Amino acid sequence: KPSGTVVVDQGAYEAITQRGRSLLPKGLKEVQGKFSSGECVRCVDPSGREFARGLVNYSAAELEKIKGTHSARIESVLGYTLAAEVIHRNDLVLTSG
């Protein structure tokens, strides 16, 4: 059962569903719920439709701080980097789309 939800922008949605890419912080628009690193979350498109589920590399609180930023800036924002991706493609499964 998902612990939270991440809302992605249209570019991230297309990269994930059409090109098999990972979810990067740059494509993250909104974080809903409270969850820890390693937990399962729902991925929804800009209209709120779930299209994937995945295991996050960062907690909800960490994602709030890095959403919309480039992966190269994660360390300068958080003081550390756990991964370049919010959800790596290997930890992501499409549910529709």
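Analyst: Start with pairing. Two strands pair if DSSP finds at least two bridges between them. One caution: this is a predicted model.

User: What makes E1 and E3 a pair, and in which sense do they run?

Analyst: E1 and E3 share four bridges. The cut-off is at least two bridges, so they count as paired. The sense is parallel. Within this pair, valine 6 stands opposite cysteine 43 in E3.

User: How do you know that E3 and E4 pair, and what sense do they take?

Analyst: The count is five bridges, and the sense is antiparallel. With at least two bridges required, E3 and E4 therefore pair. Cysteine 43 has alanine 52 in E4 as its bridge partner. E3 and E4 also form a hairpin, with five residues between them. Glycine 48 sits in the turn and has a positive phi of about 95°.

User: What is the strand order of the open sheet? And what makes a strand an edge strand?

Analyst: The five strands run in the order E2-E1-E3-E4-E5, with mixed pairing. The edge strands, E2 and E5 (92–94), each pair on one side only. On average, neighbouring strands are turned by 25° against each other, direction ignored.

User: Why is threonine 17 called buried?

Analyst: Its relative accessibility is 17%. Buried means under 20%, so threonine 17 qualifies. Threonine 17 is in helix H1. A polar atom of its side chain lies 2.8 Å from the backbone oxygen of tyrosine 13.

User: How many aromatic pairs does a search of the whole structure find? Why is the pair of tyrosine 13 and phenylalanine 51 called edge-to-face?

Analyst: The search finds one. The ring centres of tyrosine 13 and phenylalanine 51 are 4.8 Å apart, and the limit for a pair is 6.5 Å. Their planes stand at 90°; over 60 degrees counts as edge-to-face, so that label applies. Tyrosine 13 is in helix H1 and phenylalanine 51 in strand E4, so the pair ties together parts 38 residues apart in sequence. Both residues are buried.

User: Which residues touch the most other members of the largest nonpolar core?

Analyst: The core has 23 residues, and Val6, Leu23, Phe35, Leu63 and Ile87 touch the most other members. Elements giving two or more residues include strand E1 (4–8), helix H1 (10–19) and helix H2 (60–66). Leaving aside neighbours within four places in sequence, phenylalanine 35 has contacts that include Val6, Val41, Val56 and Leu63.

Conventions: Residues numbered from 1 in each chain as written. Predicted model: local features only at pLDDT ≥ 70, side-chain atom pairs only at ≥ 80, totals over all residues. Heavy atoms only, no water. Core = buried A, V, L, I, M, F, W, Y, C linked by side-chain atoms within 4.5 Å. Buried < 20%, exposed > 50% of the residue type's maximum accessible area, 1.4 Å probe, protein only. Contact = heavy atoms within 4.5 Å. Polar contact = N/O pair within 3.5 Å; in protein donor to acceptor, adjacent residues only side chain to side chain. Phe/Tyr/Trp six-rings, centres within 6.5 Å; stacked < 30°, edge-to-face > 60°. Axes fitted to C-alpha atoms, helices over the stretch in contact; angles between N-to-C directions.
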